[in-house]
Amino acid sequence: MTFKYHNDSDFHAKLIADVLSQYPDKAAKRRSKHLSLATSEKDGNATSECEVKSNIKSVPGVMTIRGCAYAGSKGVVWGPIKDMVHISHGPVGCGQYSWSQRRNYYVGLTGIDTFVTMQFTSDFQEKDIVFGGDKKLEKVIDEIAELFPLSNGITLQSECPIGLIGDDIEAVARKKAKEHATTVVPVRCEGFRGVSQSLGHHIANDAIRDWVFDKKDIKFDPGPYDVNVIGDYNIGGDAWASRILLEEIGLRVVGNWSGDATLAEVERAPRAALNLIHCYRSMNYISRHMEEKYGIPWMEYNFFGHSQIDASLRNIAEHFGPEIQEKAEKVIAKYQPLVWAVIDKYWQRLSGKRVMLYVGGLRPRHVVTAYEDLGMEIVGTGYEFGHGDDYQRTGHYVKDGTLIYDDVTGYELEKFIEGIRPDLVGSGVKEKYPVQKMGIPFRQMHSWDYSGPYHGYDGFAIFARDMDMAINNPVWGLYDAPWKNDRILAAVAG
Amino acid sequence: MPQSAEKTLDHAPLFCEPEYRKMLAKKKLKFECPHPDQVVSDQREFTKSWEYREKNLARQALVVNPAKACQPLGAVFAAAGFERTMSFVHGSQGCVAYYRSHLSRHFKEPSSVVSSSMTEDAAVFGGLKNMVDGLANTYKLYNPKMIAVSTTCMAEVIGDDLHGFIENAKSEGSVPRDFDVPFAHTPAFVGSHVDGYDSMVKGVLENFWKGTARSEATASVNIIPGFDGFCVGNNRELKRLLDLMQVTYMFIQDASDQFDTPSDGNFRMYDGGTKINDVKAALNAEGTLSLQYYNTRKTLDYCRAVGQATTSFRYPLGVEATDELLMAISDISTREIPEVIRLERGRLIDAMADSQAWLYGKKYAIYGDPDFVYGMARFIMETGGEPTHCLATNGTSAWEDEMKELLASSPFGKNAQVWPGKDLWALRSLLFTEPVDLLIGNSYGKYLERDTGTPLVRLTFPIFDRHHHHRFPLMGYQGGLRLLTAILDKIFDNLDRETMHAGVTDYSYDLTR
């Protein structure tokens, strides 16, 4: 990484002091541990780690952007597995609000052999709370078996009441799996567990370990170049733009976790030669498990922006030796003209533009260099649900003085944006509209703002185009009414 | 390599390129372990059959693609309709992220809501501490005039008592003693978002009206809009009509400005909404008029209990429903309906007459909230259309009776069927076995449009995949024009699509219709 710039540490420190001064004392004390600046190691340029407290309960009564464990399990890890039916077990809302919202692209006949963009729920009523929902759940599973016979399994995604009223969904799962000779996975991802989506990811990973692995006699011939892609949810087709590269360098992707995945892909995973993990936060648990139990090594990679894609392809290829390395170099070379055409086209329009990020679990660091590949600078970044090891990894990516905010509240983010006035903010749908009202360009970096893919070289071209169209849109020049704008009035008066 | 900097392909064209088609075909064949194609296509055909329909409609426990959301969403929407009011949801924080996203995706607007962020310890010990700290933080940070508290299923299951908790928080100084903290218990496992709306509006009225004696009635009409994804266009249109009538009125719960704030460089966390002083004064109104019955049952009971006359409508769409609404307002306010409004009415009738041939005899499936389905079915019958399937997942047997009465009132309702409690997967079977010409509902209907080929007109909440519809009114005679045009556009677009095959079907690809 050769792109050099500095952020204004003093100014950022003052911003932090300013927002904290607005809180009641108790909340200010708690929030102060989550706001910080990236600082350099003494001996070099690389920032060592970003020291903030993370993965701690949100302060009540402030606008946290976080979701819950159910969102982590159903919304992220399990939901995209396309040939299983995922039951939102509990009241109707959780399933309804998460229905079709993450753009986990897939190919399949929805409602027949594929079920991702459907909302299956046990629609708990008061009587289910009072008498328990296990009987109802059994019936729900029977009805799924009858109406959706080509589904290859069922998961039970627990909403808050399930744990509170003490339902035994594990017993139901065991009973019904036997009866219907299918996979039934109970997932204890009630929304109140943990402090964010993060625990939901972990619980979902554990459910794969305990209820999927080693449960069937798998007929599959493993090959020397078999990899699993772990932690790519195929948002806008990300996993496809990644898969095409991995196949081009000679690897065989046996499982895609979990965008566009089938249960079979998950079941065969323990036979692969290497696990490639993109979203470390949501899936490191299962990668570690596969390493311990099956001896499969795992490797992190980053497919955002050409410099990371190049580097990642080389790292991956190195694991497999000269044959794959040679192919990787060819693939990198093949895409260089595209990369440089993209940079040529956008560099002038984007270089020096300052970006603030606030996303979930990998993008706050992974996309940093994709922006820098276009000459853009990251002034602030933070995680909704990152842990200490995420912030540690962030240190490798960000520059000195970068504002770091963990579980940032709506109030803090707004004040930071007002103070810094960046050229672009990348965050989620809840943040999009307030930021745009302020006259600041915005891109949704969970959903790619309904565009994408952003992964891979094909995705990098789209990423660059989208950032340009956001920043250089004529609409930002129309915010001031001319009769309120002294500069224009003076020109008209001539 | 299909991608280029000059003509950047995003997902829609990119994955149609041969490289990607090949890759996906290989993935399916080698790694997905799919069912044989024949098995899949047989099952697909089976789902279109009467036999499948019978199994599907006989479901007792499983709900698939329901057209309803949970109570707290309604409460959050309701709170957004009051001046400088922060919505505070007592429970697990993930719910709030969902409500905010859901509203933002529909309105393309900010949605500001806080949570008490309850976790495992609160599940064990109760959420009092979260309420005490949370109210203090909300009050200090967001400078609201009022904090409207509702609950999630978590808080309800563990039995947190909002009234007691809020009193406790006030005693501990979280907010001043006289600061307004109305509340509503809104368990997600009871009713749906329309009930949450009802409970929150009632909670706000009780907060201000309880213990206050009603003085002599003022010649003013209270209007409660109900949960309405088109509140921006509808509320403004109704205000225009009321101003034309020179009526003194007060909207109780008006989220129109909150979900349509201007872009001029400032983020307004709060904008518009019913003023708190006006809510207080509304106690003395002549009467309260609700635009949606099922959204306001408890609230209207309460209004009657304090001595107000009440009337409720069922999402007044089209000619006669608007007539009735204006006449009711005229009655309560003793103001005449001015000539300009009669002319507007005439213009809608003119438009309906001009287009009648394209609408007569068309069959429709309509789904959504009970009031919406009622109002839309009524309008469809005015155009000579036949509401063949009327479905409300949150519809009750009382709604079913009302619908049947409405449908019996017109020859166009003769063959209509009413489906309370059914979901959109059930509607899929209905559309395959008893097809219709048009489907009216929200964005979730696009899956039905794809599977059954029934063209979808998006006319109710939520609309995620089309922009700005909510900014235009559906109510009033102007709204009627919008309804009419939306339906006609769909008919004409569809006709064009079917007839545009050059040299094959384009004899009907007419320029003038």
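Q: In which sense do strand E3 (residues 120-121) of chain A and strand E1 (residues 63-64) of chain B pair, parallel or antiparallel?
A: Heads-up: this is a predicted model, where local features need pLDDT of at least 70, side-chain atom pairs count only at pLDDT 80 or more, and totals for chains, interfaces and linings use all residues. Residues are numbered from 1 along each chain as its sequence is written, chains are lettered from A and ligands numbered from 1 in the order in which they are written, and side-chain values use heavy atoms, with hydrogens and water left out. Strands (E, at least two residues) and helices (H or I, at least four) are DSSP runs numbered from the N terminus, and two strands pair if DSSP finds at least two bridges between them. E3(A) and E1(B) have 2 bridges, and their sense is antiparallel.

Q: How much area is buried between chain B and chain A?
A: The size of an interface is often given as the accessible area lost when the parts come together. Buried area here is that loss for two parts, with a 1.4 Å probe and summed over both. Carbon and sulfur atoms give 62% of a total of about 9,400 Å².

Q: Which three residues supply more of the area that chain B buries against chain A than any other three?
A: Contact (heavy atoms within 4.5 Å) links 103 residues of chain B with 116 residues of chain A. The three in question supply 8% of the area chain B buries: Phe31(B), Tyr98(B) and Phe189(B).

Q: How many salt bridges are counted between chain B and chain A?
A: A salt bridge puts a side-chain nitrogen of Lys or Arg within 4 Å of a carboxyl oxygen of Asp or Glu. Asp123(A) and Lys68(B) form one, with the closest N and O atoms 2.9 Å apart. The count between chain B and chain A is 10.

Q: Which residues of strand E8 (residues 274-277) of chain A point the other way from Leu274(A) and Leu276(A)?
A: In a regular strand the side chains alternate between the two faces of the sheet. Buried means under 20% relative accessible area, exposed over 50%, and partly exposed in between (1.4 Å probe, protein chains only). In E8(A), Leu274(A) and Leu276(A) point one way and all four residues are buried, while the other way point Asn275(A) and Ile277(A).

Q: Why does Asn302(A) count as buried?
A: Asn302(A) sits in the loop between E9 and helix H13 (306-320) of chain A. Leaving out residues up to four places away in sequence, Asn302(A) touches several others, including His278(A), His366(A) and Tyr397(A). Asn302(A) counts as buried because its relative accessibility is 1%.

Q: Is Leu244(B) buried or partly exposed, and what is its relative accessible area?
A: Leu244(B) belongs to helix H12 (residues 231-244) of chain B. Its C-alpha atom is 8.1 Å from that of Val340(B), 96 residues apart along the chain. Leu244(B) is partly exposed, with a relative accessible area of 32%.
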